[in-house]
Each structure stands twice: as C-alpha cells, then as structure tokens.
Amino acid sequence: MGSIILHAGQYIYDIYYWLMIIFIVGSWFPQFHATRMGMWIGNLVEPYFGLFRRFIPPLGVIDISVLIALIAYRYLGGFALAGLGQVVRMFS
C-alpha cells in the first residue's frame with residue numbers, strides 16, 4: 001500500500017511539472033493561451049507561478065520567475081517525495 005502512495009505522489013508531481021513546461025512553451029505561441037486547454041493549464045499552474053512573480057519582476061519581455069519556479073519545484077519536490085518515502089517506510 002505504501003509503495004502505491006509513493007508512486008501516486010511521484011506521478012502527480014511529474015504531471016504537474018510537465019503541465020508547467022507545456023504552459024511555458026505555450027507562451028511562445030500567443031494563441032495557445034486562448035485555447036480551452038491553454039486556459040485549463042493556466043488555471044492550474046498560474047497560482048504557483050504567481051507566488052514567484054510577486055517577488056521577481058520580469059526583465060523586459062523575459063520572465064525569469066518561471067525558471068526560478070521550475071528550479072524550486074524540482075528541488076523542493078525532491079525533498080517532499082523523499083519525506084513521503086520516509087513516512088511510507090516508517091509505517092510499512
């Protein structure tokens with residue numbers, strides 16, 4: 001049961017990461033954000049990106065806050081998944 005929880009956590013973590021990547025690449029195509037899929041992905045990832053945009057302003061047309069957000073997500077997500085793994089092993 002514990003490994004199922006750990007794999008589900010990893011799966012959700014990976015899906016959200018790829019949704020962020022798709023949203024960033026989609027920003028290169030202005031019509032992407034007007035599509036239903038673009039709006040759906042935007043509703044999921046914009047709250048997370050918004051946390052970083054409050055503190056890191058864009059440099060002209062380049063928004064480095066999303067790059068910082070991706071790095072933070074990978075770094076902190078690794079810790080979170082490792083912690084989940086420890087909890088699963090502790091209760092198994």
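R74 lies over the face of Y17, 4.2 Å from the ring centre; a charge counts as over a ring if NZ of Lys or CZ of Arg is within 6 Å of the ring centre and within 35 degrees of the ring normal. The model is a predicted one, in which local features need pLDDT of at least 70, side-chain atom pairs count only at pLDDT 80 or more, and totals for chains, interfaces and linings use all residues. Residues are numbered from 1 along each chain as its sequence is written, and side-chain values use heavy atoms, with hydrogens and water left out.

Y17 also takes part in ring pairing. A search of the whole structure gives 10 aromatic pairs, where rings of Phe, Tyr and Trp (its six-membered ring) pair if their centres lie within 6.5 Å, with planes under 30 degrees apart counted as stacked, over 60 as edge-to-face and the rest as tilted. Y17 and Y73 are stacked, because their ring centres are 6.5 Å apart and their planes stand at 15°. Y17 belongs to helix 1 (residues 2-26) and Y73 to helix 3 (residues 65-91), so this pair ties together parts 56 residues apart in sequence; helices are DSSP runs (H or I, at least four residues), numbered from the N terminus. Y17 is buried at 17% relative accessible area and Y73 at 14%, buried meaning under 20% (1.4 Å probe, protein chains only).

What geometry do the rings of Y48 and Y73 adopt? Their centres are 5.8 Å apart and their planes at 70°, so the pair is edge-to-face. Here Y48 in helix 2 is linked to Y73 in helix 3, 25 residues apart. Y17, Y48 and Y73 are among the members of one aromatic cluster, which also includes W18 and F52.

Methods:
Helices (H or I, at least four residues) and strands (E, at least two) are DSSP runs, numbered from the N terminus. Buried means under 20% relative accessible area, exposed over 50%, partly exposed in between (1.4 Å probe, protein chains only).
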